[in-house]
Amino acid sequence: AMDAEEFRKQGHRLIDFIADYRDALARGQFPVLSRATPGFLAAALPPECPSAPEPFDAIMKDVEEHIIPGLTHWQSPDFFAFFPGNACYPAVLGDLLSAGFGVQGMLWITSPACTELETLVLDWLAKLLALPEAFLSAGKGGGVIAGTACDAVLVSLVAARARVLENFPSSRRAHYANRLVAYCSDQTHSSMQKACMIVGPMELRIVASTEEKALDPDALATVLERDVVAGFLPTFVCATIGTTSSTATDDLDRIAAVCSEAPCERPWLHIDAAYAGSACICPEFRYLINGVEAYDSFNFNPHKWLLVNFECSTLWVQNREHLINALSVTPAYLRNAKSEQGNVIDYRDWQVPLGRRFRALKLWFVLRAYGAEGLRAYIRKCVQLAERFAQYVQGSELFDLAFPCRLALVCFRFRGSNEDNRVLMDAVNDSGHVYLTHTELDGQFTLRVCIGTETTEEENVDRLWSVLADHAKRLAYPDGKTSTRVLEPKTAIGDAS
């Protein structure tokens with residue numbers, strides 16, 4: 001077993017290793033996208049657990065030789081795929097401290113600081129977002145750290161379901177449970193569909209989106225009215241601020257108005273701002289969540305664009321009793337005087353699992369180490385770099401913007417076929433210099449560049465464009481001089497205001 005002295009020795013070594021690894025990423029030492037093939041690790045490591053203890057040197061040797069080659073490097077300044085998944089140094093240290101404490105925060109009494117720090121930092125963050133006071137812990141509301149936005153939409157849906165069914169006698173609830181319906185747009189994250197599958201029975205209506213890729217409030221009104229006439233019970237509506245494909249934003253005010261005017265009890269209104277919510281700490285982007293006061297729950301992921309490492313998804317509700325009533329199960333072994341007094345929070349009642357880590361530490365570390373202004377500066381830098389890349393696209397004869405540039409996401413296309421765009425993306429990623437991903441917009445294979453890594457600078461964006469332009473020229477001008485193919489006409493899509 002490792003004693004305290006050996007722990008100190010290897011702990012220092014591991015911190016140095018992580019710092020050296022990050023420095024290597026900044027130098028471009030590794031291909032951003034892993035080149036590992038399926039089964040590579042099983043072929044490299046023993047098929048059984050060692051029977052005797054192995055030295056830490058041997059473990060770290062395998063990390064360097066086998067684990068690192070199997071990593072896609074999310075902390076690389078040349079990572080432009082998906083949405084960011086940052087892990088800044090203060091967050092890493094906060095997570096290390098959480099692991100070192102080794103506490104379990106299922107009940108207030110099992111570690112009071114674990115619960116109370118979470119409540120505090122969620123109030124801090126709510127105030128940075130200028131959320132209404134109804135979402136703060138001093139009243140009926142409050143916040144909780146979930147694992148992911150998938151967890152947040154799931155527990156919100158569970159609470160919404162329970163809120164509707166409690167209006168009926170227990171003997172009739174099974175009957176009415178088959179009539180519950182949830183609603184979202186065709187741009188909503190797939191977590192909404194999965195949540196309905198888990199909660200079931202829960203019908204899910206996929207509502208059409210507008211040309212701007214936002215949920216169409218008029219279409220929602222039509223579907224709600226049709227369902228009420230057919231005897232269904234509208235239960236849950238999910239609005240999105242910053243869709244995964246294009247960062248489109250739903251009109252919160254109009255959706256809330258439609259739901260209030262529908263011929264039924266107003267359904268639970270939830271906001272999924274997993275990516276874009278982070279930007280709302282900047283006053284100039286706060287307009288994105290105007291209308292949030294009409295919503296029952298609001299969620300975003302600091303582990304996407306607020307430098308906190310995974311998992312850290314923050315959920316606020318205006319009435320925490322709905323969560324507690326839906327999720328609380330109290331066997332004898334969990335009962336204690338503090339909980340039964342009713343003046344403490346037991347976060348086990350706000351989630352599906354019983355146990356929970358001390359996640360608030362890493363968020364607290366980041367909020368204190370950067371301060372509000374430091375975090376705002378980081379967000380603004382990412383947006384400026386995305387605008388820089390969008391200008392490259394707009395000025396090129398080989399590319400078009402596929403959607404207005406919003407926040408730090410740029411959607412664009414090579415002026416060729418879907419297959420051309422796929423070939424281009426694969427070639428760029430295979431180069432090892434950068435990593436980007438794609439989506440589909442209006443049936444078109446669309447390239448996505450999302451800027452969010454803390455260490456990404458202008459030189460990284462310029463290198464990304466250089467790699468893209470070089471491979472695009474080879475595709476457009478295979479003879480090296482003039483085009484032997486007909487490119488699609490260039491389209492004009494302006495930046496979003």
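This is a predicted model: local features need pLDDT of at least 70, side-chain atom pairs count only at pLDDT 80 or more; totals for chains, interfaces and linings use all residues.

Reader: What distance should helix H5 span, and how far apart are its end C-alpha atoms?

Author: Helix H5 runs over residues 112-128, which makes 17 residues.

Reader: Which elements cover the buried residues of H5?

Author: The buried residues of H5 include Cys 114, Leu 117, Val 121 and Leu 125. Among the elements that cover the buried residues of this helix are strand S1 (142-146), strand S6 (297-300), helix H11 (302-305), strand S7 (313-317) and helix H14 (360-394).

Reader: How many disulfides does the structure hold?

Author: A disulfide requires two cysteine sulfur atoms within 2.5 Å. For Cys 184, the nearest cysteine sulfur belongs to Cys 238 and is 6.5 Å away, so Cys 184 is in no disulfide. For Cys 196, the nearest is that of Cys 184, at 7.3 Å, and Cys 196 is likewise in no disulfide. By this rule, the number of disulfides is zero.

Reader: Is Cys 184 buried or exposed?

Author: A residue counts as buried when its relative accessible area is under 20%. Cys 184 has a relative accessibility of 2%, and therefore the term that applies is buried.

Reader: The structure holds 19 aromatic pairs. What is the arrangement of the pair formed by Trp 74 and Phe 82?

Author: The ring centres of Trp 74 and Phe 82 are 5.7 Å apart, and their planes meet at 10°. Planes under 30 degrees apart count as stacked. The angle in this pair is 10°, so the pair is stacked.

Reader: Which helices are linked by the pair of Phe 389 and Trp 465?

Author: The rings of Phe 389 and Trp 465 are edge-to-face, with 5.8 Å from centre to centre and 75° between the planes. The two residues are 76 residues apart, and their pair links distant parts of the chain. Phe 389 lies in helix H14 and Trp 465 in helix H16.

Reader: Which residue lies over the face of Phe 83?

Author: Two arginines may be considered here. Arg 205 lies over the face of Phe 232, at 5.0 Å from the ring centre. Over the face of Phe 83, at 4.9 Å from the ring centre, lies Arg 448.

Definitions and conventions. Residues are numbered from 1 along each chain as its sequence is written. Side-chain values use heavy atoms; hydrogens and water are left out. Helices (H or I, at least four residues) and strands (E, at least two) are DSSP runs, numbered from the N terminus. The expected span of a helix is 1.5 Å times one less than its number of residues. Buried means under 20% relative accessible area, exposed over 50%, partly exposed in between (1.4 Å probe, protein chains only). Contact means heavy atoms within 4.5 Å. Rings of Phe, Tyr and Trp (its six-membered ring) pair if their centres lie within 6.5 Å; planes under 30 degrees apart count as stacked, over 60 as edge-to-face and the rest as tilted. A charge sits over a ring if NZ of Lys or CZ of Arg is within 6 Å of the ring centre and within 35 degrees of the ring normal.
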